[in-house]
Amino acid sequence: MLEKMDDFFTARVDGYDEHMKSNIEGASSFYKYTASLLPVVKMASVLDLGCGTGLELEEYFSVNPYAKVTGIDLTEAMLESLRTKFSDKDITTICGSYFDVPFGKEVFDAAVSVESLHHFTKEEKIPLYVKLKKALKPGGYFVLTDYFADINEQENHFRQELLRIRQEQNLPNDVFYHYDTPLTVEHEKEALLAAGFTQIEELKHWEATHTLKAIK
Ligand SMILES: C[S@@+](CC[C@H](N)C(=O)[O-])C[C@H]1O[C@@H](n2cnc3c(N)ncnc32)[C@H](O)[C@@H]1O
């Protein structure tokens, strides 16, 4: 049975950090690396899409303790854990879907997302990235560290499987369920490009986790 996205993460919030650090290939490097790409100026404003318990923010605050962060996540339990960890930091949490929450116009110096956006199609991501681009200040940028498919066949396989399971279980279309459907890096870059981002570069990867940077 597929679990609703927020139920899935609520049920796993205890032990989540340990699970990620010990079981996801490259996690001992990619959180630190991702954080190292974010702005170091005091009070830089950064948006985190799917911030969860804030593993990337832990690294970011160690580089820039005065950053002003807005974290969006669907799962209140993950946000609760994050707020407990960073009670002394300038962080605003928003419980909701990044597809629905308004981001504003030219508000952020940078945006980041780690291990969250691999549940969505290219078509779903384009309007999200258009909204994200508008929310960045001129010269702002987006750092995406996420799980990617190696080849088109793998991407298609996961997508078809999700559709099959959804149909089999008669799941409503407008509810998010937890099932990984990673895009290839190529298709992710196409989504960012279609949204108007420029200089889209893949910077590094650790097995299936890749870091991309895209400039407004
Ligand atoms: C694997 S966790 C990653 C959390 C954190 N970025 C990290 O790397 O540890 C994925 C997070 O994305 C959130 N998420 C999934 N879909 C979302 C959506 N549509 N809007 C906001 N958050 C979402 C989940 O609730 C979960 O906390």
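The space that the ligand takes up is the largest pocket, a pocket being an open set of points on a 1 Å grid over the protein atoms alone, with protein on both sides within 12 Å along at least five of seven lines. This is a predicted model, in which local features need pLDDT of at least 70 and side-chain atom pairs count only at pLDDT 80 or more, while totals for chains, interfaces and linings use all residues. Residues are numbered from 1 along each chain as its sequence is written, and side-chain values use heavy atoms, with hydrogens and water left out.

Around the ligand stand 22 residues, the closest being Tyr16, Tyr31, Asp73, Thr75 and Ser116, where a residue counts if one of its heavy atoms lies within 4 Å. This shell is made up of 13 nonpolar, six polar and three charged residues, and helix H1 (5–12) and helix H4 (55–63) each contribute at least two of its members.

Polar contacts, pairs of N or O atoms within 3.5 Å, can be followed one by one. The side chain of tyrosine 31 places an N or O atom 2.8 Å from an oxygen atom of the ligand, and a polar backbone atom of valine 114 is 2.9 Å from a ligand nitrogen atom. Of the 600 Å² that the ligand exposes when taken alone, the protein buries 98%, as computed by the Shrake-Rupley method with a 1.4 Å probe.

Elsewhere, strand E6 (residues 198–206) pairs with strand E7 (residues 209–215) in the antiparallel sense over six bridges.

Notes
A polar contact is a pair of N or O atoms within 3.5 Å; within protein, one must be able to donate a hydrogen and the other to accept it, and residues adjacent in sequence count only if both atoms are side-chain atoms. On a 1 Å grid over the protein atoms alone, a cavity is a set of points where a 1.4 Å probe fits but cannot get out, and a pocket is an open set with protein on both sides within 12 Å along at least five of seven lines; lining residues have an atom within 4 Å of a point. A molecule sits in a cavity or pocket if more than half of its atoms lie within 2 Å of its grid points. Helices (H or I, at least four residues) and strands (E, at least two) are DSSP runs, numbered from the N terminus. Ala, Val, Leu, Ile, Met, Phe, Trp, Tyr, Cys and Pro count as nonpolar, Asp, Glu, Lys and Arg as charged, and the others, Gly among them, as polar. Two strands pair if DSSP finds at least two bridges between them.
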